[in-house]
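The following report works through one structural model, starting from a single position and widening to the whole chain. Please read it alongside the sequence and coordinates shown here.

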Amino acid sequence: GGSSPLLIKGWGPQVTYTVLMYSSSFRGASVFLELKGEKGTLAWTQVVAIKRNAHEKGGVDVFSLAGSDVGDITEMGVMHSFGKPWKCVCVEVVNEASGVSTPFFCHGWMGGGGGGGSGGGGGG
């Protein structure tokens, strides 16, 4: 057994996140996520595409992200390698260890090389 050191990122217990991107015009660019939560921050990490449906209108791209367990996710940042803005509707992050899903709604077009999401309101 044992994990590949390439997948270890950050600190503490390692978990796998499944990331669902609801976007209209995704193409094979590199996408990086930053997660901030109650336990700490998972620094910018490239996500790995595991399923692509974006050629369909309203498609969903599914990514996998391995890294530190940040607990309840309070903030999320998105970076990508597009040279131009792209339209993103929603990014949903699922902690596979806890089963908790945290959606972040984007505000239309995201600029190249940066962007951000912010959760609307706290959970109960």
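Pro13 is exposed in this predicted model, because its relative accessible area of 57% lies over the 50% cut-off. The residue sits in the segment before β1, a strand that spans residues 14-23. Once residues up to four places away in sequence are set aside, Pro13 touches Gly67, Ser68 and Asp69. The C-alpha atoms of Pro13 and Val70 are 9.1 Å apart, although 57 residues separate the two along the chain.

Of the 10 residues of β1, 7 are buried, so the strand is largely enclosed by the rest of the structure. β5 is itself mostly covered, with 7 of its 9 residues buried.

**The salt bridge**

How many salt bridges does the structure hold? The structure holds 1 salt bridge, formed by Lys39 and Asp69, whose closest N and O atoms are 3.8 Å apart. Lys39 lies in the loop between β2 (31-37) and β3 (40-46), while Asp69 lies in the loop between β5 and β6 (73-80), so the pair ties together parts that are 30 residues apart in sequence. The two partners fall into separate accessibility classes: Lys39 counts as exposed at 51% relative accessibility, whereas Asp69 counts as buried at 14%. Asp69 is also one of the residues that Pro13 touches.

The relative accessible areas of the individual residues discussed in this report are collected below.

| Residue | Relative accessible area | Class |
|---|---|---|
| Pro13 | 57% | exposed |
| Phe32 | 26% | partly exposed |
| Lys39 | 51% | exposed |
| Asp69 | 14% | buried |

Which residues of the largest nonpolar core touch the most other members? Of the 20 residues in this core, they are Tyr17, Met21, Leu33, Leu35, Leu65, Met76 and Val91. The strands β1, β2, β5, β6 and β7 (86-95) each supply at least two residues of the core, and the largest share, 4 residues, comes from β1.

Phe32, which is placed in strand β2, is partly exposed, because its relative accessible area of 26% falls between the 20% and 50% cut-offs. With the neighbours within four places in sequence again left aside, Phe32 is in contact with Trp44, Thr45, Gln46, Gly77, Val78 and Met79. The C-alpha atoms of Phe32 and His80 are separated by 6.1 Å, and the two residues are 48 apart along the chain.

**The chain as a whole**

The protein chain has 0 helices and 10 strands, and the elements from the N terminus on run β-β-β-β-β-β-β-β-β-β. Buried residues make up 40% of the 124 residues in the chain. Among the contacts with a separation of 6 or more, 68% are accounted for by residues 24 or more positions apart. The chain exposes about 6800 Å², of which carbon and sulfur atoms supply 54%.

**Confidence in the model**

The mean pLDDT of the protein chain is 77, and 66% of its residues reach 70 or more. Where in the chain is confidence lowest, and where is it highest? Confidence is lowest in strand β10, residues 117-118, at a mean of 46, and highest in strand β8, residues 101-105, at 92. Over residues 112-124 the pLDDT is below 50, and this stretch has 21 contacts in the model beyond near neighbours in sequence. Over residues 3-7 the pLDDT likewise stays under 50, and the model has 3 contacts beyond four places in sequence for them.

How values were computed: Residues numbered from 1 in each chain as written. Predicted model: local features only at pLDDT ≥ 70, side-chain atom pairs only at ≥ 80, totals over all residues. Heavy atoms only, no water. Buried < 20%, exposed > 50% of the residue type's maximum accessible area, 1.4 Å probe, protein only. Contact = heavy atoms within 4.5 Å. Areas by Shrake-Rupley, 256 points an atom, 1.4 Å probe, with all protein chains shown as cover. Salt bridge = Lys/Arg side-chain N within 4 Å of Asp/Glu carboxyl O. Core = buried A, V, L, I, M, F, W, Y, C linked by side-chain atoms within 4.5 Å. pLDDT = per-residue confidence, 0-100.
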